Amino acid sequence: MTSEQKVAAPAANRVDRLFARLKDQGDTGLIVYVTGGDPAPQLTADIVLQVFAAGADMIELGMPFSDPLADGPVIQRAAQRALAAGTRLAHILEAARTVRERGEERPLALLCYVNNVLQHGFDRLPRQLAEAGFDALVVPDLPWEEKEPLAGACRAAGIHLVPFLAPTSPDERIAAVGGEPGGFVYCVSLTGVTGARSQIPPEAEAMLNRARRLCSRPLALGFGIGSPEQAAQLRGLADAVIVGSAVVQRIEGAALDPALDRVPPGALEPVTGFVGSLKAALQGR
């Protein structure tokens, strides 16, 4: 891709503002995945706010689904807990509204599967997300060649539809995905499901370098990152790292009572402490 072909991202969306700030400061961002409604929908806003307060730059809120094909056992269990608690899209939208009402302005993304989108409507869902305070939509099983009309509905609503790249993505796909304006590219570090690994997959750095050469959009690397040491290895290579299972596992370990109305003070210290250590590793402190 030539420099003339690269398109500058718009600055209105919170996601674009975040990556512009990270670039100016020379920082690598931290995106944290949390399963919406785990362990109960009324606790989601508190969890999101505490994870933000611990240092997350963006939160990817997962819509629980009975057949989460991209997810490993940790996030599968979280989805089962959330579904057992009766979590629906309305609860997740309400959690986002609460987060915004409490003054949080960092970006929120919703992760869901194509079946969830079909259930709520390609035109309707992006509007609902924007109205609730979301900034991006992540659909891991959406074939990029079939992204319209969902991509058009997202553009009309002012939110980004986030594309995926994998180590197996050909250069032509990377250039096509990376040349579109706005948002970021979700780079999957391995060909497998979510879940922390003992080391960064060896193919991840090569994929990031290849995508950097071909993409004008910011690059966020996810899947397999489970420790501050691993996050530090990616500082400067990716524009942001995405950590999901390692956080969700700590939320599971907190054993919050799903009958509670709010998260008790201190109950999420293992979660917030871990998120804080990830953020510090990415800032090089």
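Reader: Which residue in strand 2 is the bridge partner of Ile31?

Author: The partner is Met58. A word on the source first: this is a predicted model, in which local features need pLDDT of at least 70, side-chain atom pairs count only at pLDDT 80 or more, and totals for chains, interfaces and linings use all residues. Residues are numbered from 1 along each chain as its sequence is written, and side-chain values use heavy atoms, with hydrogens and water left out.

Reader: How do I read the strands and their pairing?

Author: Helices (H or I, at least four residues) and strands (E, at least two) are DSSP runs numbered from the N terminus, and two strands pair if DSSP finds at least two bridges between them. Here, strand 1 and strand 2 (residues 58–62) are parallel partners over 5 bridges. They belong to an open sheet of 9 strands, paired in parallel, with the order 5-4-3-2-1-9-8-7-6. Strand 5 (160–162) and strand 6 (164–165) are the edge strands, each pairing on one side only.

Reader: Which salt bridge partner does Asp46 have?

Author: A salt bridge is a side-chain nitrogen of Lys or Arg within 4 Å of a carboxyl oxygen of Asp or Glu. The whole structure has 18 salt bridges. In one of them, Asp46 meets Arg102, with the closest N and O atoms 2.8 Å apart. Asp46 sits in helix 2 (residues 44–54) and Arg102 in the loop between helix 4 and strand 3, so the pair ties together parts that are 56 residues apart in sequence.

Reader: How should I think about empty space inside the model?

Author: Rolling a probe the size of a water molecule over the atoms shows where empty space is left. Strand 1 (29–35) and helix 3 (73–84) each supply at least two lining residues.

Reader: Which backbone details deserve a look?

Author: Most residues other than glycine have a negative phi, and most peptide bonds are trans. In this model, the bond from Asp38 to Pro39 is cis, with omega near 0°, and Pro39 is in the loop between strand 1 and helix 2. The bond from Glu148 to Pro149 is also cis, with omega near 10°. Ala255 has a positive phi, near 50°.
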